[in-house]
Amino acid sequence: MAYTITLFRGDITTLKVDAIVNAANRTLLGGGGVDGAIHRAAGPELLEACRLLKGCETGEAKLTPGFRLAASYVIHTVGPVWHGGKNREKELLEQCYMNSLELAVKHRLSSIAFPNISTGVYGFPKALAAEIAIAAVKDFLDRQKAKIQPTFVLFDKENETLYSTLLKKK
Ligand code: ADP
């Protein structure tokens, strides 16, 4: 295995990695939660860069510079809103992780940090989201020659417990 999954409990905006992933909304024009924190830490240039992207579909990902962040880039992805699970939510969440990693490969990045996409205001069940996130990242990186080090950023205790339990099991 050419990669090691790292767990980090804390604020994603503090990480010095090649790219941090933003759980954005389809406008890409900023929001609350992790999106708000990333925009505040990156500075107003990030919003200007996002405007040029003209939004992003659910499950897709787009890249900007990191501006004032320690991270060089921000990969903006739009997680699905949880509507009970019958609206392709699982597949779309998986796509967020896969498409973010695809962009990391395309830009030859060697480290990437993910927040727990969709598990805040978008209401995705945390345990299911954790399983999907870990499986998607492993599946992608197991098939990938380029070496990319992934970090899962756990902002709350519940996610920290879920991820550490799931990663111990496997
Ligand atoms: P979504 O709309 O995709 O649900 P949220 O930002 O509401 O996005 O929540 C996604 C996850 O990001 C949640 O688990 C939330 O606790 C977490 N989060 C919020 N702020 C930060 C931060 N500064 N760093 C890392 N994770 C964060």
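This is a predicted model: local features need pLDDT of at least 70, side-chain atom pairs count only at pLDDT 80 or more; totals for chains, interfaces and linings use all residues.
Q: Which elements make up the secondary structure of the protein, and in what order do they run?

A: The protein has five helices and six strands, and, when read from the N terminus on, these elements follow one another as β-β-α-α-β-β-α-β-α-β-α.

Q: How does the radius of gyration of the protein stand beside that of a compact globule with 170 residues?

A: The idea is to set the value of the model against the one that a compact globule of that length would have, which for 170 residues is near 15 Å; the protein has 15 Å, so the two agree. Along the principal axes, the C-alpha trace spans about 45 × 35 × 25 Å.

Q: How much of the protein counts as buried, and what does its accessible surface come to?

A: A residue is called buried when its relative accessible area is under 20%, and 47% of the 170 residues of the protein fall into that class. The accessible surface comes to about 8,400 Å², and carbon and sulfur atoms contribute 53% of this area.

Q: Is strand β4 largely enclosed or open?

A: Strand β4, which covers residues 73-78, has five buried residues among its six, and it is therefore largely enclosed by the rest of the structure.

Q: Which strands pair with β4, and in which sense, parallel or antiparallel?

A: Strand β2, residues 19-24, pairs with β4 in the parallel sense over six bridges, and I20 has V74 of β4 as its bridge partner. Strand β3, residues 61-65, pairs with β4 in the antiparallel sense over five bridges, and here K62 has H76 of β4 as its bridge partner. As a general point for reading such strands, side chains in a regular strand alternate between the two faces of the sheet.

Q: Where is S118 found, and is S118 buried or exposed?

A: S118 sits in the loop between β5 (111-114) and α4 (126-142). With a relative accessible area of 5%, S118 is buried, because the cut-off for that class is under 20%.

Q: Which residues does S118 touch, leaving aside those up to four places away in sequence?

A: With those sequence neighbours left out, S118 touches G79, P80, L93, G123 and F124.

Definitions and conventions. Residues are numbered from 1 along each chain as its sequence is written. Side-chain values use heavy atoms; hydrogens and water are left out. Helices (H or I, at least four residues) and strands (E, at least two) are DSSP runs, numbered from the N terminus. The radius of gyration is taken over C-alpha atoms; the globule rule is 2.2 Å times the number of residues to the power 0.38. Buried means under 20% relative accessible area, exposed over 50%, partly exposed in between (1.4 Å probe, protein chains only). Accessible areas come from the Shrake-Rupley method with a 1.4 Å probe; for residues, only the protein chains shown count as cover. Two strands pair if DSSP finds at least two bridges between them. Contact means heavy atoms within 4.5 Å.
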